[in-house]
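Subject: Structure handover

Hi,

Here is the structure I promised you. Please open it alongside this note, and my findings follow below.

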2 protein chains.
Amino acid sequence: MPCVYEYSRPALTVDCVVFGFDGGDLQVLLTRRGLEPFKDRWALPGGFVHLDETLDEAARRELAEETGLREVFLEQLHTFGAVERDPRERVVSVAYFALVKPTAATAATDAAEAEWFPVASIPPLAFDHAEIFAAALARLRGKLRYDPLGFELLPPKFTLSQLQGLYEAVLGTALDKRNFRKKALGFDLLVPLNEKHRDGAHRPAQLFRFDPAKYRRLKKQGFLFEL
Amino acid sequence: MPCVYEYSRPALTVDCVVFGFDGGDLQVLLTRRGLEPFKDRWALPGGFVHLDETLDEAARRELAEETGLREVFLEQLHTFGAVERDPRERVVSVAYFALVKPTAATAATDAAEAEWFPVASIPPLAFDHAEIFAAALARLRGKLRYDPLGFELLPPKFTLSQLQGLYEAVLGTALDKRNFRKKALGFDLLVPLNEKHRDGAHRPAQLFRFDPAKYRRLKKQGFLFEL
DNA sequence: CCAAAAGTGTTGAAACTACACCCATGG
DNA sequence: CCATGGGTGTAGTTTCAACACTTTTGG
């Protein structure tokens, strides 16, 4: 029998919008609900915040538990507090968005009831998760332009074409190859490796890595990224 | 005697970072705490979220109760969830930032224990409110550049010099008068009024108003503001 | 030798920066 | 008539967008 205190404050959860990139499409990781309400519907991975953990910790813990993902890029998105967003009782949810590299991404698929969906064809979602997802996608699109988030979705070594493909997939627009390369290299944040990417019957591509330390140094001096 | 449920979930509050502009400095509205902990310290206005209100509603209600402010521009900022941010018990706080026009701002001063402080000289704050304030200021600075937020801090009728002064106060840099005017007028979002601003022994200034409807229309077509 | 993606420069247009003087008013 | 802030244009530089062909490889 619940006492009055159960109803005196909202429940608090975290939900994660996890993005991945397979080289073609931008994707999102969803889990299938095992319980009512919305049993068998797809939903964002997430769960209740414990009293002894921060919000970020809760998000990481839930991600690990439900999808097996660890060490992902995680950033708080927005807190959703509509009164009726959960039919059972008042639940406020702190939403996060996460970016995972392809290596980690494939590991996640092996786990439990988690599955990747291209963002263009998301199934119906539980609760207000469609709204949360839309907010996350908008944020990713907006931020990609002036923050080097993209590298969190690529393997540590990547080609310029892969980088461009990612920008095109996320922004939904075609980009000019020469202009893109000029800009991307102009920042001096991509270091060429002594390694080529061989992939099929054509000229092999130069591999690069992103230099995050240098980026942080530049950012402190009021530098802007902007691709 | 509290039952176990009191401790099974964090308490949830909202806190508001309210900015105003007096023509010279960017200011923040603080309230003096009447109770322990941090009794007599300055703090951000805020309070507990009720079960039957959204987070936005809670923020507006608390603002009205503690400062008398209504009809302000309000936007969710970030949710703060450090485990020890409140010494009494686990409290998670959804922070908002608010922008108020000078007319409303003076009304607020008359109210209760609320007072405006220039952002350059904020007193010590309760809890983690200094951190919240810093996040709000950073967000305001960042967003001002590509979102027409500034008009929420000016009276409905304003001169270009007032607008420029606001940008300079928020961004902390001097701007070139001619370039600023060119850009500001170039968007075609400022409509000149048949009215001048008389103020002292010099040429009176043209008054303008911002056209929010037109802005929304342009934004839908993928238009970017950026001053 | 063919298909397929990698790689590379230039040019015209637009936007940005820097900069100095006259105007209208109140006292 | 003087002090004060309002208001205006241009030139040099930089950045941006558009655009097509050669290179390297595997099959």
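A residue is called buried when its relative accessible area is under 20%. A:C16 has 0% relative accessibility, so A:C16 counts as buried. B:C16 also comes out at 0%, so B:C16 is buried by that cut-off. Please keep in mind that this is a predicted model.

**Disulfides**

The count over all chains is 0 disulfides. For reference, a disulfide is a covalent bond between the sulfur atoms of two cysteines.

**Salt bridges**

There are 24 salt bridges over all chains.

Start with B:E62 and B:R61. They form a salt bridge, with the closest N and O atoms 3.1 Å apart. B:E62 has 7% relative accessibility, so B:E62 is buried. B:R61 is at 18%, so B:R61 counts as buried.

Next come B:E75 and B:R139. Their closest N and O atoms are 3.9 Å apart in a salt bridge. B:E75 sits in strand β5 (residues 73-80) of chain B and B:R139 in helix α3 (residues 129-144) of chain B, so the pair ties together parts 64 residues apart in sequence. B:R139, at 28%, is partly exposed.

Then there is B:E195 with B:K157. This salt bridge has its closest N and O atoms 2.9 Å apart. B:E195 lies in strand β8 (residues 190-197) of chain B, while B:K157 lies in the loop between α3 and α4 (160-171) of chain B; the two are 38 residues apart. B:E195 is partly exposed at 36% relative accessibility. B:K157 is partly exposed at 41%.

In chain A, look at the network. Salt bridges link A:E53, A:R61, A:E62 and A:E65.

**Helix α1 of chain A**

Helix α1 of chain A covers residues 55-67. Its 13 residues should span 18 Å at 1.5 Å a residue, and the end C-alpha atoms are 18 Å apart, so the two values agree. Which residues of α1(A) are buried? They are A:L55, A:A58, A:A59, A:R61, A:E62, A:L63, A:A64 and A:T67. Two members of the salt-bridge network, A:R61 and A:E62, are on that list. In general, an α-helix has 3.6 residues a turn, so residues three or four places apart point the same way. A:G68 follows α1(A) and has a positive phi, near 80°.

**Helix α5 of chain A**

A:D176 caps the N-terminal end of α5(A). A side-chain oxygen of A:D176 lies 3.2 Å from the backbone nitrogen of A:R178. Just after α5(A), A:D188 takes a positive phi of about 65°.

**DNA strand C**

There are 22 residues around DNA strand C. Those that come nearest are A:S161, A:K177, A:R181, A:H202 and A:Q206.

- A side-chain N or O atom of A:K177 is 2.8 Å from a base nitrogen.
- A backbone N or O atom of A:A201 is 3.3 Å from a base nitrogen.
- A backbone N or O atom of B:H202 is 3.1 Å from a base oxygen.

Both protein chains take part. At least two residues each come from α5 (177-186) and β9 (205-210) of chain A, and from α5 (177-186) of chain B. By class, this surface has 5 nonpolar, 6 polar and 11 charged residues.

**DNA strand D**

DNA strand D has 20 residues around it. A:R203, B:K177, B:R181, B:H202 and B:Q206 come nearest.

- A polar side-chain atom of A:R178 is 3.2 Å from a base nitrogen.
- A backbone N or O atom of A:H202 is 3.1 Å from a base oxygen.
- A side-chain N or O atom of B:K177 is 2.7 Å from a base nitrogen.

Two or more residues each come from α5 of chain A, and from α5 and β9 (205-210) of chain B. Which element gives the most to this surface? It is α5(B), with 4 residues. The classes are 5 nonpolar, 6 polar and 9 charged residues.

Best wishes

How values were computed. Residues numbered from 1 in each chain as written. Chains lettered and ligands numbered in written order. Predicted model: local features only at pLDDT ≥ 70, side-chain atom pairs only at ≥ 80, totals over all residues. Heavy atoms only, no water. Disulfide = S-S within 2.5 Å. Buried < 20%, exposed > 50% of the residue type's maximum accessible area, 1.4 Å probe, protein only. Salt bridge = Lys/Arg side-chain N within 4 Å of Asp/Glu carboxyl O. Near = heavy atom within 4 Å. Polar contact = N/O pair within 3.5 Å; in protein donor to acceptor, adjacent residues only side chain to side chain. Nonpolar A, V, L, I, M, F, W, Y, C, P; charged D, E, K, R; others polar. Expected span 1.5 Å × (residues − 1).
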